Amino acid sequence: MSYSITDPSKRQKRVAAFLVIAYAMITLVPLLWVFMTGFKTPPDSISYPPKIFSEPSLEGYVNLFTTRTRVTPERLAELPPPENFAQEIVRNRDMVIAGKSKYGARFLNSVIIGFGSTFLSIFLGTLAAYAFSRFKIPLKDDLLFFILSTRMMPPIAVAIPIFLMYRKIGLSDTHLGMILLYTAVNISLAVWLLKGFIDEIPREYEEAALIDGYTRFQAFYKVVLPQAATGIASTAIFCLIFAWNEYAFAVLLTTGTAQTAPPFIPTIIGVGGLDWPAMAAGATLFLLPVLVFTVLLRKHLLRGITFGAVRK
Amino acid sequence: MSNGSAKLHSPKAGKTVKGLSDKAIAWLFVGPTVFLLLAINIFPLLWTVYLSFTNYKANRPNREIKYIGFRNYERILNDADIWLNMQATAHFLIWTIVLQVLIGFTLAWLINKKFRGNDLWTTIIVLPMMLSPAVVGNFWTFFYQPQIGLFNYVVSFFTGVDPSSFEMLGSVSLAPWAIVIVDTWMWTPFVMLICLAGLRSIPDYIYEAAEIDRASKWRQFWTITVPMVLPFLMLAVLFRGIENFKMFDLVVQLTGGGPGSTTELASINLKREAFEKWRTGYSSAFAIILFVTVFGLASIYVKALNKVKNR
């Protein structure tokens, strides 16, 4: 260990640590609160003063995945005993399970559209980034800036003509339509990030391969792609997170079949606004994958969120 | 390049290999991306420009489309409500940037003191910005519930104010601040991360030299730290500025533009005009005005940023 005169003193470090941890609590408490609310009963979730610890319950999760109808106590008494814990929880509220809720289907839509658009963005983005990195292309800088500038459009502004266009060609409320749209939005990020990663791979590797008799194409996928694997993976995660989180296009262009989870989750609370545990359960399941990815990505985070402008 | 061996080692070796020529590959690789952007970005943009000069209404597709010149633009610029939206947007934009820069820079500066475990806490602080804004907005409405909400409870715990005496989302004076608070909670880590990269890019020897010159810490901060982080900070502000100018999802979920139209940001009003009142021509003109504004402001800002960078 070397000590420098510019090193902060022990006391300074301690004060800094205290303040940063205090701020981290401001970050964590709301997230933990949502997580915990998912395991409360609806009455517990709206008690005053707010209950930090309460009897854990799966009612929120049961309500998230089911639709229920109210029945009279007489009718309830006639029913055979509950077959599983979900039926038991629901019957305690004088209700029976009527069917599946839409949450599962909406979640699946998010997965399909997220992965579909990520795959397409990475496929197209890697090709374009390689070309921008290695070849002379007329008006290269203008073209790159054009690709970036497509991100400055407010989504609602693009949504008007997209809505009309999709209505005309039958892409409204389809998975394909959303995949294409999210790919178009993500491609700017993919090209800019991947160009940065490919720029960092020394050209000598490919040139050696070319001299060995590889075609340019072979050199690209046998030499450059493996070298760029980490960069491609982290770019893919950024694209996936964007598509996963997107709301404006989803709420305007999808109504049923292809609706993703973000426009659906706020509707869980429903009439009366009492089912906070179900909403919290839905949010928890939806946010958890992103939290995991964020932790995995932390080394490349800065690069991703600045389109490659800041590299560490 | 007179003999064979020199040719072999020249960087132009790629030009002579078999298979498709480099030029063909370049176009093959860039083509699909450009095509997709033309189809799903540029074509719609041009269509918006066209629609902005008409009286088209998307819910009446069979009505004859009439060309009405700049009338939509005139109407928008003379519309008092639009100017209220712009004020709400400016309030949101300015305060989120001020708060995020102050808190984000301070946090980065503290983290850069390199105390034990700073990596772990940085990762935790970063979490909110990766989440879905619509879902974040949705669960913050829960925290903002009067009486039962966590936010109101915490405020009353520290100040003694009755938690049911104020409604963050329902009151005209508090709602604009409610959306600023959530955006700041969510996006301060973004500014923090960029500032941290800036702070870490300053080599130690500069501070060592200043120390030897007996420059005070205060002076070092203002003459070394701040100027060297400034380009990074400005970049962060550019990103946040563009994003918050377009802000839609988070605020729609929090307030839906209300109460009244106190938090009706430009994008929210645009959505209302385009997809609820179906004034397609009018909202297209509004969309173009917004795009030109954000594009123009960003271009000016990038010029300033480059000046600071090259200083």
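Trainee: How many residues of chain B are in contact with chain A?
Mentor: In this predicted model, 79 residues of chain B are in contact with 84 residues of chain A. Contact means that the C-beta atoms of two residues, placed from the backbone, lie within 7 Å.

Trainee: Which helix gives the largest share of that side of chain B?
Mentor: Helix 2 (residues 22-51) of chain B gives 14 residues. Helices are DSSP runs of H or I with at least four residues, numbered from the N terminus.

Trainee: And by class, what is on the side of chain B that touches chain A?
Mentor: That side has 56 nonpolar, 14 polar and nine charged residues. Ala, Val, Leu, Ile, Met, Phe, Trp, Tyr, Cys and Pro count as nonpolar, Asp, Glu, Lys and Arg as charged, and the others, Gly among them, as polar.

Trainee: Which domains does chain B have?
Mentor: Domain 1 (14-51) and domain 2 (75-309), with bounds from an automatic or database domain assignment. Their centres, taken over C-alpha atoms, are separated by 35 Å.

Trainee: Changing topic, what about confidence in chain B?
Mentor: Its pLDDT, the predictor's confidence in each residue from 0 to 100, averages 87, and 94% of the residues score at least 70. Over residues 1-16 of chain B, pLDDT stays under 50. For the complex, the predictor gives an ipTM of 0.88 and a pTM of 0.88.

Trainee: How are residues and chains labelled, and which pLDDT limits apply?
Mentor: Residues are numbered from 1 along each chain as its sequence is written, while chains are lettered from A and ligands numbered from 1 in the order in which they are written. Local features need pLDDT of at least 70 and side-chain atom pairs count only at pLDDT 80 or more, whereas totals for chains, interfaces and linings use all residues.

Methods
Helix = DSSP H or I, 4+ residues; strand = E, 2+ residues; numbered from the N terminus.
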